[in-house]
Amino acid sequence: MDPRVEPLDADPVPIPVVAGANADAFVTAAWTALHGELFGFLVRCTRDGAAAEDLLQEAFLRLTTEVRAGRIPDNVRAWLFRVASNLAISRSRRVSVAVRWLGRFGASEARTTSPSPETGALGRERTDAMERALDRLPPDARLALVLAGSGFRGRDIADTIGRSEVATRALMSRARVTVRRYLAEEEAR
């Protein structure tokens, strides 16, 4: 089989698509082209660098499994973001269950957040307020807003979270209203 080249949507680095022994070379090329962007996305979704690293490795492990089985995604970037999104949502659900369980049985605090970088006090307050606002959203709404903030278009966001474009627009609209309302309440305090 002759190698084909499949360019990624947002990355000018082509990833060679070949079968058999070169499957690992394909995954390595995908890693080189996409791991930084995907890691940043996962950090924004989870707000936890260690968890983002774990999810990043899991996403690429799944890509490796697919490529070795001869099932090469048509659009590697979109496929990886979809897998990473699903992994982040699953993790969020597991954390939510753990927080409820620990809260019920008396643990003082189940989650901690890393302090923001050394910016001004106002910047830290804004970042913390935004994180609290995003925490109030369901995982799919938070994911949709993070994807929109990462430059994804509505159709891509809808495909990633598994909804129609109309349902995604409605979800994002409600999420933005909720975030604005929460931020206004925070500012009034």
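A residue is called buried here when its relative accessible area is under 20%. Serine 85 has 0% relative accessibility, so it counts as buried. Keep that residue in mind, because the walk below comes back to serine 85, a buried residue. One caveat before moving on: what you're looking at is a predicted model.

Let's start with the whole chain. There are 7 helices and 2 strands, and if you read along the sequence the pattern is β-β-α-α-α-α-α-α-α. The chain has 189 residues, and 35% of them count as buried. Now take the contacts in the chain with a separation of 6 or more: residues 24 or more positions apart account for 59% of these.

Next, the helix pairs. Two packed helices are described by the angle between their axes and the distance between the axes. Take H1 and H2 to begin with. Their axes are 9 Å apart and the packing angle is about 150°. Angles over 145 degrees count as roughly antiparallel, and H1 and H2 are therefore roughly antiparallel to each other. Their crossing is right-handed. Sorted by class, the contact of H1 with H2 has 18 nonpolar, 4 polar and 3 charged residues.

Most residues other than glycine have a negative phi. Arginine 47 isn't a glycine, yet it has a positive phi of about 60°. Its relative accessibility is 14%, so arginine 47 counts as buried.

Further along, helix H2 spans residues 49–68 and includes aspartate 54. Is aspartate 54 buried or exposed? With a relative accessible area of 51%, aspartate 54 is exposed. Along the chain, aspartate 54 and leucine 87 are 33 residues apart, while their C-alpha atoms are separated by 9.9 Å.

Back to H1, which covers residues 23–46, and on to H5, which covers residues 139–149. These two pack at an angle of about 140°, with axes 10 Å apart. H1 and H5 are therefore oblique to each other. H1 passes H5 in a right-handed crossing. On the H1 side the residues are Phe41, Arg44 and Cys45, and they meet Arg142, Leu143, Val146 and Leu147 in H5. By class, this contact of H1 with H5 has 5 nonpolar, no polar and 2 charged residues.

H5 also packs with H6. The axes of H5 and H6 come within 10 Å and cross at roughly 145°, and H5 passes H6 in a right-handed crossing. From H5, the contact uses Asp140, Leu143, Ala144, Leu147 and Ala148; from H6, it uses Ile157, Thr160 and Ile161. The class tally for H5 with H6 is 6 nonpolar, 1 polar and 1 charged residues.

Leu147 turned up in the contact of H1 with H5 and again in that of H5 with H6, so let's zoom in on it, because leucine 147 is buried, with a relative accessible area of 0%. Leucine 147 lies in helix H5. Which residues does leucine 147 touch, not counting residues up to four places away in sequence? They are Phe41, Phe81, Ser85, Phe152, Ile157 and Thr160. For serine 85, the sequence gap to leucine 147 is 62 residues, and the two C-alpha atoms are separated by 9.2 Å.

Now follow that link to serine 85 itself. Serine 85 sits in helix H3, residues 76–104. Setting aside residues up to four places away in sequence, serine 85 touches Phe41, Leu143, Leu147 and Thr160. Phe41 belongs to H1, while Leu143 and Leu147 belong to H5.

The last stop is threonine 160, in helix H6, residues 154–161. Its relative accessibility is 6%, so threonine 160 counts as buried. Where does the side chain of threonine 160 reach? It goes to the backbone oxygen of aspartate 156, at 2.8 Å. Leaving aside neighbours within four places in sequence, threonine 160 is in contact with Phe81, Arg82, Ser85, Asn86 and Leu147.

Methods: Residues numbered from 1 in each chain as written. Predicted model: local features only at pLDDT ≥ 70, side-chain atom pairs only at ≥ 80, totals over all residues. Heavy atoms only, no water. Axes fitted to C-alpha atoms, helices over the stretch in contact; angles between N-to-C directions. Helix = DSSP H or I, 4+ residues; strand = E, 2+ residues; numbered from the N terminus. Parallel < 35°, antiparallel > 145°, perpendicular 65-115°, else oblique. Left-handed = near helix turned anticlockwise from the far one by under 90°. Contact = heavy atoms within 4.5 Å. Nonpolar A, V, L, I, M, F, W, Y, C, P; charged D, E, K, R; others polar. Buried < 20%, exposed > 50% of the residue type's maximum accessible area, 1.4 Å probe, protein only. Polar contact = N/O pair within 3.5 Å; in protein donor to acceptor, adjacent residues only side chain to side chain.
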